[in-house]
There are 2 protein chains.
Amino acid sequence: MSGTHTGVPSQATPHADRITGDVYHSAPVTGLLRRLGERWTPAVLCLLARRARRFNALHREIDGISQRMLTRTLRGLEEDGLVVRTVFPTVPPSVEYSLSGHGRSLLPALSALMQRPDARRAETHTP
Amino acid sequence: MSGTHTGVPSQATPHADRITGDVYHSAPVTGLLRRLGERWTPAVLCLLARRARRFNALHREIDGISQRMLTRTLRGLEEDGLVVRTVFPTVPPSVEYSLSGHGRSLLPALSALMQRPDARRAETHTP
DNA sequence: CTGAATCCTCTAAGATACTG
DNA sequence: CAGTATCTTAGAGGATTCAG
């Protein structure tokens, strides 16, 4: 693996071997994963995956979350286009949150990552 | 889209609507997502998905990562059983990192989440 | 070559309290 | 009901140096 290096890092592959920090810094790939990695995001998405809910319903059903963090989580998901916020001009006001089409499209992958294979043990190295 | 299946498909957990903070605090579900949400984890996994690599190879190919963060990221992935660390007792020592079976099993879901639908626009919610 | 050890910064997250 | 406004804390992330 030595001499064939032409000195040009040009990627022939669509998903180049070389991953620049820039790509991972600004690309939505990192953004979305970071969002999903936030403390309360999985809980909110799991609940909204079943049915749309109002703010207080989420607050009641997610044990331990503060109003502040629920708001921030929902705002973040809304910014990413995963959740839709619908305001009903009633008195008192009620706001309903639901998954967007995009959010819903992420559910299969998301639930796949939520399986718990308990595969903590290191496997034997297979060369 | 496979599945006319609305609502949440999976979640092997039998219990339903109520999600306790305890579950999401200690369960591997949150742990894994948090791991994937870390800054450099996607980059490392993407590279290791192609082939096993040595420490310095990763350090060179992931632009902007520091040695400290590469070490921490790899240690974390190792703890979660997603990455296998193999030490070759050479001089100087060389260490090879590769995806474990568990780590490899996560790739489809992971790449699904890495698609960028550019669906930032809030869809017209029709109340 | 592959890390570990320090030190520092920035922000996600938590705890209250207040409001249209 | 559905938030916002502050304040504080814990830890992720970064820069640099040292070591087996």
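Mentor: A residue is buried when its relative accessible area is under 20%, exposed when that area is over 50%, and partly exposed in between, with a 1.4 Å probe and protein chains only. This is a predicted model, in which local features need pLDDT of at least 70 and side-chain atom pairs count only at pLDDT 80 or more, while totals for chains, interfaces and linings use all residues. Residues are numbered from 1 along each chain as its sequence is written, chains are lettered from A and ligands numbered from 1 in the order in which they are written, and side-chain values use heavy atoms, with hydrogens and water left out.

Trainee: Why is His102(B) called buried?

Mentor: Its relative accessibility is 13%, and the limit is under 20%, so His102(B) counts as buried. His102(B) sits in helix H6 (residues 101-105) of chain B; helices are DSSP runs of H or I with at least four residues, strands are runs of E with at least two, and both are numbered from the N terminus.

Trainee: What makes the pair between Gln67(A) and DNA strand D a polar contact?

Mentor: A polar contact is a pair of N or O atoms within 3.5 Å; within protein, one must be able to donate a hydrogen and the other to accept it, and residues adjacent in sequence count only if both atoms are side-chain atoms. A polar side-chain atom of Gln67(A) is 2.6 Å from a base oxygen of DNA strand D, so the pair meets the limit of 3.5 Å. Phosphate oxygens of DNA strand D are reached by Arg75(A) at 3.2 Å and by Trp40(B) at 2.6 Å.

Trainee: Which side-chain contacts does DNA strand C have with chain B?

Mentor: Among them, Gln67(B) has a side-chain N or O atom 3.0 Å from a base oxygen. Arg54(B) has one 3.2 Å from a phosphate oxygen, and a polar side-chain atom of Tyr97(B) lies 2.4 Å from a phosphate oxygen. Of the atoms of DNA strand C within 4 Å of the protein, 65% belong to sugar or phosphate and the rest to bases.

Trainee: How do you know which residues of H5(A) line one face of the helix?

Mentor: Leu70(A), Thr73(A), Leu74(A), Gly76(A) and Leu77(A) are buried in H5(A). Seen down the helix axis, the buried residues fall within an arc of 160 degrees, so they line one face; the arc is that of the directions from the helix axis to the C-beta atoms. The face turned away from the buried side carries the exposed residues Arg68(A) and Glu79(A).

Trainee: What span is expected of H5(A), and what does it reach?

Mentor: The expected span is 1.5 Å times one less than the number of residues. H5(A) has 13 residues and reaches 18 Å from first to last C-alpha, close to the 18 Å expected.

Terms used
A residue is near a molecule or strand if one of its heavy atoms lies within 4 Å of it.
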